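Here is a short report on a protein chain. Keep the sequence and the 3D view open as you read.

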Amino acid sequence: MTHPALVLFLALFGLYSPVAALASYLPIVRPYGGGQVTRLAIGLAVNVAVFVLAALWVGEPLLKLLGISTAALTATGGIALAYAAIPLMRGKAGAVEELEKLQEDAPPPGPPPDPKTILFTPLSFPLTVGGTTFAFGVAASAEASTVRDKLALSIAALCFAAVTGLTLYLSGHVQRRISLKGAMLLDRVAGILLTAIAVILLANGFTDLVTARLGQ
């Protein structure tokens, strides 16, 4: 249980929390069919793998080169997540909006947006990965003393990416089997949870930024 690769995987898995992530994916994948959700799941897994592998192999020098701290990435992720989550919490997006349209006999909504337009934001960032995920990768890489250790960490990153893709794929099956009122309730619950996570990310990010500034 102390192998660095296993520790990294468990840390990423705990941060991601597949059950909570599945609920947050439901309002996003609802307009798409099974084939589109499958492509989204594969695309998400690829994005996550690239993101974590980049953190492992080039994260530390890249951040130094750009002058960006992991605290800034964490705070930015919190802002982006809050932007997506607050409408859900207020009942102004997802199933709530759909139910209101049905009750008002509104015309059916137009075609869903191209899946490519939502693959990076908000699916990949910040719902799946963010500044804290990147920071975990950079920290794990700093502890790896050999190329073999980094390769083991890379395998852990690929396993984590597979978990995220599988979670998104399962969310597509769950949303097709849930009633509209159930989806409405899950939208609000997901919005509350995601807003809480966004507040935590913002607080942690800004606290680290202030602490680093005071330390200078």
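Is Thr133 buried or exposed? Thr133 is buried, because its relative accessible area is 6% and the cut-off for buried is under 20%. Keep in mind that this is a predicted model.

**Thr133 and its helix**

Thr133 sits in helix H7, which covers residues 131-143. Look beyond four places in sequence, and Thr133 is in contact with Leu12, Leu15, Phe51, Val52 and Thr128. Other buried residues of H7 include Gly131, Thr132, Phe134 and Gly137. Val138, Ala140 and Ser141 are also among the buried residues of this helix.

The length of H7 can be checked. H7 has 13 residues, so at 1.5 Å a residue it should span 18 Å. The C-alpha atoms at its ends are 19 Å apart, which agrees.

Thr128 belongs to helix H6, residues 115-128. Thr128 is buried, with a relative accessible area of 6%. What does the side chain of Thr128 make a polar contact with? Its partner is the side chain of Tyr25. A polar atom of the Thr128 side chain also lies 2.7 Å from the backbone oxygen of Leu123. The table sets out both distances.

| Atoms on Thr128 | Partner | Distance |
|---|---|---|
| Side chain of Thr128 | Side chain of Tyr25 | 2.6 Å |

Residues up to four places away in sequence aside, Thr128 touches Tyr16, Tyr25, Leu44, Val48, Leu123, Thr133 and Thr164.

**Tyr25 and the core**

Now follow Tyr25. The largest nonpolar core has 33 residues, and Tyr25, Phe160 and Leu168 touch the most other members. Helices H1 (4-16), H2 (18-29), H3 (34-66), H6 and H8 each supply at least two residues of this core. In soluble globular proteins, nonpolar side chains tend to be buried together.

The mean pLDDT of the chain is 80, and 81% of its residues reach 70 or more. Confidence is highest in helix H8 (residues 147-176), at a mean of 93. Confidence is lowest in helix H5 (residues 94-103), at a mean of 44. The pLDDT is below 50 over residues 94-107. Beyond near neighbours in sequence, that stretch has 23 contacts in the model. Where pLDDT is low, the predicted coordinates should not be read in detail.

Note on methods:
Residues numbered from 1 in each chain as written. Heavy atoms only, no water. Helix = DSSP H or I, 4+ residues; strand = E, 2+ residues; numbered from the N terminus. Buried < 20%, exposed > 50% of the residue type's maximum accessible area, 1.4 Å probe, protein only. Polar contact = N/O pair within 3.5 Å; in protein donor to acceptor, adjacent residues only side chain to side chain. Contact = heavy atoms within 4.5 Å. pLDDT = per-residue confidence, 0-100. Core = buried A, V, L, I, M, F, W, Y, C linked by side-chain atoms within 4.5 Å. Expected span 1.5 Å × (residues − 1).
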